[in-house]
Amino acid sequence: MIMKKRYVSLWFRHLLTDWFTLRQPDLKQAPFILVTPEHNRIIITAANALAEKQGIIVGMAAADAKAVIPDLKVMDDIPGKAAKLLRGLGEWCIRYSPLIAVGLPDGLIMDISGCAHLWGGEHEYLKEIITRLRSKGYDVRGAMADTAGAAWAVARFGRNKPIIAPGMHTEALLSLPPAALRLDPLVLERMHKLGFYTIKSFTGLKRSALRRRFGNDFLLRLDQALGNEDEPLEVLHPVMPYQERLPCLEPIRTAEGIEIAIKTLLGNMCRRLQSEGKGLRAAILRCYRVDGGVVGADIGTNRPSYHTDHLFKLFELKIATIEPALGIELFTLEAAKVEEISLEQEALWLSEGGGLADNNLIELLDKLANKIGTNNICRYLPQESYWPERSAKPARSLAEKASTTWRSGSPRPSLLLKKPERVEVTALLPDNPPMLFIYKGERHIIKKADDAERIEPEWWRRKRPHRDYYVVEDEQGRRYWLFRSGHYSDEQSQWYLHGFFA
Amino acid sequence: MPPPAGAAKGVGLGPVEAAFPNGVFPTGVIHEMLCPTREQQAATSGLLGGLLTALMRQGGPCLWISRDRRLFPPAMDGFEVEPDRMIFIDVGNEKDVLWAMEEALKCEGLAAVVAEVKEISFAQSRRLQLAVESSRVTGFLLRNDLRKLGATTCVARWQVTHLPSVLEDGMPGVGYPRWQVDLLRVRNGTPGSWKLEWAANRFISVEERLEALNLTETRQVG
């Protein structure tokens, strides 16, 4: 069964002027307008309620308005401010529904299907939203209906009840003016001239006639409002396929409360993942606070998991960083990355076997990775390369097996410098191991040395000179790995220290 | 649960093991190794490599925690340690080294945890000690700053320094790695100093080897 769709439209009648009043409380008592220059004229883009009461409307020239109200305050509009404000308000409203779209220039549209019962019914739900927004200082009107278009119309033009019962939106629309259909001003003007003052007056007409006169857009808007056509919303946060929500009736302020919330969300999500044979690789927790702030935490795992206890341990480390301030009203948990769990993996998980597949080890590494980052945990596999820097490659996962063997033929130093360091060297014969070298100001007299091991770069990297490596031992028995870069007869050849032997 | 790694037999340290109570190398505790210079770090990693071989024989992996890692994994292969069973944890600051070490030491099933540490307080070393008491993981602290050595709860304090290698028959070239291994402090044991060589994939006491050589020589003479 498809859930019946319900929408709420919110209309911020004085969005911009309300915002200015919030920032400068003394504006509350005075009529004021926002203006912007347009074609050498200063045009009003917004007027507060007091100014509107005296006949000032948007679109008038500022000079005319000044003539009507001599002490009218005039302020510059901020381009793009409305969109920004609506976005912010939309984010705040996510506590009421996950699907919120901004409807420029002055509204929000929320898909509230299946949300209202959490607040004890549609009436309480809408009342709560409106009251809260009004207490924030915004003059807002709201309406609820089966379609986004009808809700929009009733919020702005409705005279009676703001909540249109399911299935009643067509009747509610009929008595409203055509402007309630979100139409182009030119179309509206034409309709006005033709005497269409209510929607009822043209619903009986033939579609072809309407299309010819008012265009395709008009029909689309009409159909959307009546529910004959779907209206896709551009929501602020697209819903992840795996998301859990936990609204709280009382704001949560304690660490225990947050723990319980995380456990509940994880429990729900893990049950679902397990039934689908999937596991979590990355998850994001968001906490929506009473003061409008959003805090959160994210975790990642080394392999897919649906084990609540394990995942909770990862979050547990981060609870201290979640600042509840005045309280958290809503928790959401999103699975940013989900992977299939194969039966074998699950068998590994449950087994008590040791080694790299060990359950405890995986949990430990997840814990470490969540604090210091996955990139800082490495394991190396042998790589077919004689070039020392390339003889080991990072493993991609704990399960990855070596495809070749470690070369144990020639000696390799226990410590390898990331970058070979230049040393001064004295050699008796150019092709012989050196007699002494100076490293960091200390002279090392070489007592023993092995023959050179020549290491050539791979043929596709032949631009580099080859290296002749020598294992040398100084008078104290300390062993080093030196190399000469390039041929000894080459003037550019240089000596480097590259490693320390055990 | 696999038995604590390396508990079954000795770790192949030969005469050095006699310095410990009951002549058994202690596992499931924290050892401390002094290696202020890079050369000593290299020598110490050689000794550690030999020890890890024994500890990892049960199948457990080893964690290596450090801030500025220089260890070259392929070299561990020369000490019979499979480098791909070592997991390297690179942390950003000293505080995290100890945090990571404590977390790792609590993890049953690990063969060993090695951490390169500059400074550790007595209280912090107590925490590590408590962590291994239930997990029986063996920990090694590589101390690279001797100025900050304080009292710790570690059961043993080691120091490894290079000794000139000797090739048989006076052949030229570099021989097997040879070190002087000092046990500066052993709880309930006897500190001492030994000369060890890593040859044919095991530790050999240099003194024993000399004796063996002398024996064969006398036999030849005789």
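Reader: Let's start with a strand. In β4(A), which residue is the bridge partner of A:Ile33?

Author: First, some ground rules: this is a predicted model, where local features need pLDDT of at least 70 and side-chain atom pairs count only at pLDDT 80 or more, while totals for chains, interfaces and linings use all residues. Residues are numbered from 1 along each chain as its sequence is written, with chains lettered from A and ligands numbered from 1 in the order in which they are written. Strands are DSSP runs of E, at least two residues, and helices are runs of H or I, at least four, numbered from the N terminus. Two strands pair if DSSP finds at least two bridges between them. Here, the partner of A:Ile33 is A:Val74. Strand β2 (residues 32-38) of chain A pairs with β4(A) in the parallel sense, over four bridges.

Reader: Which order do the strands of that sheet take?

Author: The order is β3-β2-β4 (chain A), an open sheet of three strands with mixed pairing. β3 (41-47) and β4 (73-76) of chain A each have a single partner strand, so they stand at the edges with one side lacking a neighbour in the sheet.

Reader: What about a nonpolar core: which residues touch the most other members of the largest one?

Author: A core is a set of buried Ala, Val, Leu, Ile, Met, Phe, Trp, Tyr and Cys residues joined through C-beta atoms within 7 Å. Buried means that 20 or more other C-beta atoms lie within 10 Å of a residue's own; exposed means 12 or fewer, and partly exposed is in between, with C-beta atoms placed from the backbone. In the largest core, of 90 residues, B:Ile65 and B:Val113 touch the most other members. Helix α1 (residues 38-55) of chain B gives the most, eight residues.

Reader: And how many residues does each chain give to the contact?

Author: Contact means C-beta atoms, placed from the backbone, within 7 Å. Chain A gives 44 residues and chain B gives 47. On the side of chain A that touches chain B, α15(A) gives the most, with six residues.

Notes: Two residues are in contact if their C-beta atoms, placed from the backbone, lie within 7 Å.
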